[in-house]
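I opened the notebook to look up a few contacts in one structure. My entries follow the display.

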Amino acid sequence: MMRSAAAALLLAGSTIAASATEATAPRAPAGGGAKVCLLYANRIGLAGRLIRRTYPGPPNYESVARGDRPETVLVLALTKPACMAEDKTDRDGMSPAIARITEVQLAATTRDLGGIKPGRALRVTGQAFAAHTGHHHTPIIQGDVRVEPSP
């Protein structure tokens, strides 16, 4: 499968779950679920369990068993489902509405997260953006990630 088609499938049919506590708009997604949607324009807070997941990478982004390079990334499995509101000011159309989010790929390493190991529950803040390359494996990626103190 070509990467552009894979990205379209990712954005069209993926689900993600998160706890949204800041930077939200009062927009309910179609079909129920989370009550407010997160905004691309703001720094957002997410809570969940850190997991390490391996996906197929180049050249075809289809199967490690068939020769694609493995790409291991950190993913936050969200505590509660979330949604993203479309950024209508984005003229490139790279910030679509996403109705149900259960996982978010973190653009970070365990070192960036202060050595926190997979399996641990945590809360992070960062800047969300929609997947747009073959290296993005969840519909939403969170960059500029910072771990928040535990309550």
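Is R53 buried, partly exposed or exposed? I looked up its relative accessibility, which is 27%, so R53 counts as partly exposed. The classes I use are buried for under 20% relative accessible area, exposed for over 50%, and partly exposed in between, with a 1.4 Å probe and protein chains only.

Before going on, I note that this is a predicted model, in which local features need pLDDT of at least 70 and side-chain atom pairs count only at pLDDT 80 or more, while totals for chains, interfaces and linings use all residues. Residues are numbered from 1 along each chain as its sequence is written, and side-chain values use heavy atoms, with hydrogens and water left out.

Entry: salt bridges.
I found 4 salt bridges in the structure. I take a salt bridge to be a side-chain nitrogen of Lys or Arg within 4 Å of a carboxyl oxygen of Asp or Glu. Side chains of opposite charge can pair when their charged atoms come close.

I looked up the partner of R53 and found E103, with 2.3 Å from N to O. Strands here are DSSP runs (E, at least two residues), numbered from the N terminus.

I then took R43, which pairs with D144 in a salt bridge whose closest N and O atoms are 2.9 Å apart. This pair also links distant parts of the chain: R43 is in strand β3 (residues 43-56) and D144 in strand β7 (residues 140-147), 101 residues apart. R43 has 24% relative accessibility, so I list R43 as partly exposed. D144 is at 46% and therefore partly exposed.

D144 also meets R146 in a salt bridge of 3.4 Å, N to O. Through shared partners, R43, D144 and R146 are joined into one network. I logged R146 as partly exposed because its relative accessibility is 45%.

Entry: disulfide.
I found 1 disulfide (a pair of cysteine sulfur atoms within 2.5 Å). The cysteines are C37 and C83, with sulfur atoms 2.0 Å apart. C37 sits in strand β2 (residues 37-38) and C83 in strand β4 (residues 70-84), 46 residues apart. The torsion about their S-S bond is about -105°, so I recorded the disulfide as left-handed. Both C37 and C83 are buried.

Entry: V104.
I placed V104 in strand β5 (residues 98-106). Its relative accessibility is 2%, so V104 counts as buried.

Terms used: Helix = DSSP H or I, 4+ residues; strand = E, 2+ residues; numbered from the N terminus.
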